[in-house]
Amino acid sequence: MNKGTEITDEKKTGVSVTPFEIKDCALIVRISDIIPAINLRELRERISSCPVDSLYHHFCETVVRPSFDDPEFHNDFAIWARRALHDHILTERLEILDPYAFSNIEELRKELLDIIGDRLSEVPFIPWALNENAFFFHSATTVIFNTNITIERPEDLGQAISRMTTSSLYYHFWEARRRTPDQTDDFSVWLRDWNDRGEPLIAAYSEVDFYFMSLRELQDKLVRITGRILKNGGDR
């Protein structure tokens, strides 16, 4: 891993590969102009029309918040169901939702509406929260920073990942799925240019069930996987 270099490496086939540029990011979070929800029926109504970016924030950007160090829940709707509505059944149903198991956010929205609709049909009354615990919809803008750090070859990837900040790892492994055409991570996109040297890592990264991990847990997982594969000469 080199700092501040633009020099390209050359793989065994003689074709040069552009170094991987490590970036970092921060979120600028803002409250939506959607009226806060005070009960479960209002929450369902708001979800049906809220922007996609807001759903993405409450499901996918929670992991990069400082309070996510040891998460009990992985999305804000499950948190609200437990802490504001005290509905454990609904919490369990919402908590198992993995947004990356859906092809797009609209499909996730439909499933979310179905779960809440089913719960409303089961309970004898509409679950309410206290006024101070109303659900506020948020969205966020991702601000990207250049770190001036590059990775020259796949053999340096494990060490580079071990030194990344959690926000940098979020950008390259989670947020990348919104930017890349086949919804994968930035490491895998870069490794494709390395052909045989990159393929075992790409395959291993694709099997990581990352959504229910904290970023620290994901970092440890990727470092272990990368080290094992490189040590075994590409064998998994």
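Predicted model: local features only at pLDDT ≥ 70, side-chain atom pairs only at ≥ 80, totals over all residues.
Residues are numbered from 1 along each chain as its sequence is written, and side-chain values use heavy atoms, with hydrogens and water left out.

The chain holds ten helices and five strands, where helices (H or I, at least four residues) and strands (E, at least two) are DSSP runs numbered from the N terminus. Its C-alpha trace spans about 70 × 30 × 30 Å along the principal axes. Of the 236 residues, 47% are buried, a term that stands for under 20% relative accessible area, with exposed meaning over 50% and partly exposed in between (1.4 Å probe, protein chains only). Among the contacts (heavy atoms within 4.5 Å) with a separation of 6 or more, 72% are between residues 24 or more positions apart.

Helix 2, which runs over residues 52-60, is mostly covered, with seven of its nine residues buried. These buried residues are Ser-54, Leu-55, Tyr-56, His-57, His-58, Phe-59 and Cys-60. The elements that cover them include strand 4 (20-31), helix 1 (40-49), helix 3 (76-83), helix 5 (105-122), strand 5 (138-151) and helix 7.

Helix 7 itself comprises residues 166-179 and contains Tyr-171, which counts as buried because its relative accessibility is 6%. When residues up to four places away in sequence are not counted, Tyr-171 touches Lys-23, Cys-25, Ile-144, Ala-176, Arg-179 and Asp-186. The C-alpha atom of Tyr-171 is separated by 8.9 Å from that of Asp-185, a residue 14 places away along the chain.

Asp-87 is located in the loop between helix 3 and helix 4 (88-95), and Asp-87 likewise counts as buried because its relative accessibility is 6%. The side chain of Asp-87 forms a polar contact of 3.0 Å with the side chain of Arg-119, where a polar contact is a pair of N or O atoms within 3.5 Å; within protein, one must be able to donate a hydrogen and the other to accept it, and residues adjacent in sequence count only if both atoms are side-chain atoms. The side chain of Asp-87 also reaches the backbone nitrogen of Ile-89, at 3.2 Å. With residues up to four places away in sequence left out, Asp-87 touches Ala-81, Arg-82, Arg-119 and Pro-127.
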